[in-house]
Amino acid sequence: MRPSRLWYWVGALFPANLLVSILLLSDNPDASPGLIVGGILTPILTFMVSTITCLIVLLIRSSRLSRQRAERAQRERAATMGVPMGAPVGAPAFHPAYGPPPRVEIPAKDIRPRRRWMVVGALALPLGIVLGATAFGTGFSHHQPPEHVSQVVRGSGTTTFEVTEEQTGSLGLFSNAQSDEEYRFSCALDGAGTPRFTEKVVGFSHEEWRLVHSATFNTPGRYILTCDGPPDLEYVIADTDAAVAYDNRMLAGVGVMMLSGFTGFVVSLVLLITVGVKRGEHRRRLVREYQARAQATHQAPSQHRPV
C-alpha cells in the first residue's frame, strides 16, 4: 500500500533534532546568537514538519484501508449469498438480491474540494516558515555599530573620556578579544562615584568588537579607563544601546518566526484534515448516486416485461 509505512519514520526527525540541539547548546556559554536561535527553533519546526507529514500519511493510508475493507466485505458477502433460486436470467449483478454493487471509480477531478486545496494546505507550513525566517533575517540585517565614547586603547594604556547624563546607564567595555581570551587582559575605571564594570546586559558583537562588560557610572563627568593586556588586543568604552536594540530585534524576530510557523502549522493541519474529510464524504455520495442511477436504469426494462 502506498504511501509506505516507512514515511512514519519522518516523525523520528524531531527527537533526533532535539538531541542534536541539546548537545550543541549544553555547556556552551559562548554560543553565538544565531546558534542559540537555531537550536531553539529547529526542533520546533522539525516537530511541525514531522507532524504534518505523519498526518498526511495516516489520512491517505486510512482512506485506502477503509476502501479495501469495504470492497473485501462486499466480495465476502456476495460469496456467501450466492444467486438465489429462480433468479431471472440476465439479472444485474449489482442488484441487492444477487450480489454486491460493482466497484465504482470516480474521477479525481469530479471530487470536491479539488486536490489543489490539499497542495495549499501542504504549502501553508513552509510558507509560514519562509515568512518568519525573512522577518527574522531582516532584524539581523539592521546591525548598527556601537558608538565609541572613549579613545581606543591598544595593549596596555590609559584614556580619559566624558560621560553625559544620558550615557550613565548605557555604556560598556568592548574589546576585540574572543570570549576565551578575557583572561589575557584586565581593565579598570577611575572617577567620581566609584565607577565599576558589571555583568553585560546582553551578548553582542559587531565586526571585531565584542561587548565584554557593562559599565556603571553614578554621575556624569570625566572618567579614566586603564587596561593591561597584550599588544594585539584593543579596548574601548562605547554605547550599549545598539546591543540592546539588536537583542530586542532578535527576540522580536524569534517571536515573529515562531508565530508565523505556528500559524502555518495550524492552517496546514486544518486544511488537510478538512479537505481530506470532505473529499471522502463527497466521493461516497457520488458513488451512492451512481449506483442508484445504474440500478434504476437496469430495473426500468424489467418493470415493463410481459407476464
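**Figure 1. Glu289 and Arg285 in helix 4.** Glu289 and Arg285 are separated by about one helical turn, because they stand four residues apart in helix 4 (residues 241-303). Helices (H or I, at least four residues) and strands (E, at least two) are DSSP runs, numbered from the N terminus. The side chains of Glu289 and Arg285 meet in a salt bridge, with 3.0 Å from N to O. A salt bridge is a side-chain nitrogen of Lys or Arg within 4 Å of a carboxyl oxygen of Asp or Glu. Glu289 is partly exposed, with a relative accessible area of 31%, and Arg285 is partly exposed at 37% relative accessibility. Buried means under 20% relative accessible area, exposed means over 50%, and partly exposed lies in between (1.4 Å probe, protein chains only). This is a predicted model, in which local features need pLDDT of at least 70 and side-chain atom pairs count only at pLDDT 80 or more, while totals for chains, interfaces and linings use all residues. Residues are numbered from 1 along each chain as its sequence is written, and side-chain values use heavy atoms, with hydrogens and water left out.

**Figure 2. The whole protein, for orientation.** The protein has four helices and nine strands. Along the sequence they follow the pattern α-α-α-β-β-β-β-β-β-β-β-β-α. Of the 307 residues, 32% count as buried. The protein exposes about 18,500 Å², and carbon and sulfur atoms supply 61% of this area. Accessible areas come from the Shrake-Rupley method with a 1.4 Å probe; for residues, only the protein chains shown count as cover. Among contacts with a separation of 6 or more, 82% are between residues 24 or more positions apart. Contact means heavy atoms within 4.5 Å.

**Figure 3. The salt bridge between Arg222 and Glu162.** The structure holds five salt bridges. In one of them, Arg222 pairs with Glu162, and the closest N and O atoms are 2.9 Å apart. This pair links distant parts of the chain: Arg222 is in strand 8 (residues 221-228) and Glu162 is in strand 2 (residues 157-163), 60 residues apart. Arg222 counts as exposed at 57% relative accessibility, whereas Glu162 is partly exposed at 40%.

**Figure 4. The salt bridge between Arg210 and Glu182.** Arg210 forms a salt bridge with Glu182, and their closest N and O atoms lie 3.0 Å apart. Arg210 belongs to strand 7 (residues 209-216) and Glu182 to the loop between strand 3 (171-175) and strand 4 (186-191), so the pair ties together parts that are 28 residues apart in sequence. Arg210 is buried, with a relative accessible area of 13%. Glu182 is partly exposed, with a relative accessible area of 29%.

Figure 5. Three strands form an open sheet in the order 2-8-4, and the pairing is antiparallel. Strand 2 and strand 4 are the edge strands, since each pairs on one side only. Neighbouring strands of this sheet are turned by 25° against each other on average, direction ignored. Axes are lines fitted to C-alpha atoms, for helices over the stretch in contact, and angles run from 0 to 180 degrees between N-to-C directions. Strand 4 and strand 8 run antiparallel and are joined by six bridges. Two strands pair if DSSP finds at least two bridges between them. Ser186 stands opposite Asp228 in strand 8.

**Figure 6. Strand 9 and its partners.** Six of the six residues of strand 9 are buried, so this strand is largely enclosed by the rest of the structure. Strand 1 (residues 153-154) runs antiparallel to strand 9 and is joined to it by two bridges. Here Arg154 stands opposite Glu234 in strand 9. Strand 3 also pairs with strand 9 in the antiparallel sense, over five bridges. Phe174 stands opposite Val236 in strand 9.

**Figure 7. The surroundings of Thr240.** Thr240 lies in the loop between strand 9 (234-239) and helix 4. Thr240 counts as buried, at 4% relative accessibility. Leaving aside neighbours within four places in sequence, Thr240 is in contact with Ser170, Leu171, Gly172, Phe174 and Leu211.

**Figure 8. A nonpolar patch on the surface.** Val20, Leu24 and Leu35 form this patch, with about 240 Å² of accessible area together. Patches are made of residues with over 30% relative accessible area and no salt bridge: like charges are joined within 9 Å, nonpolar side chains (Val, Leu, Ile, Met, Phe, Trp, Tyr) within 5 Å. Val20 is placed in helix 1 (residues 13-25) and is partly exposed at 46% relative accessibility.
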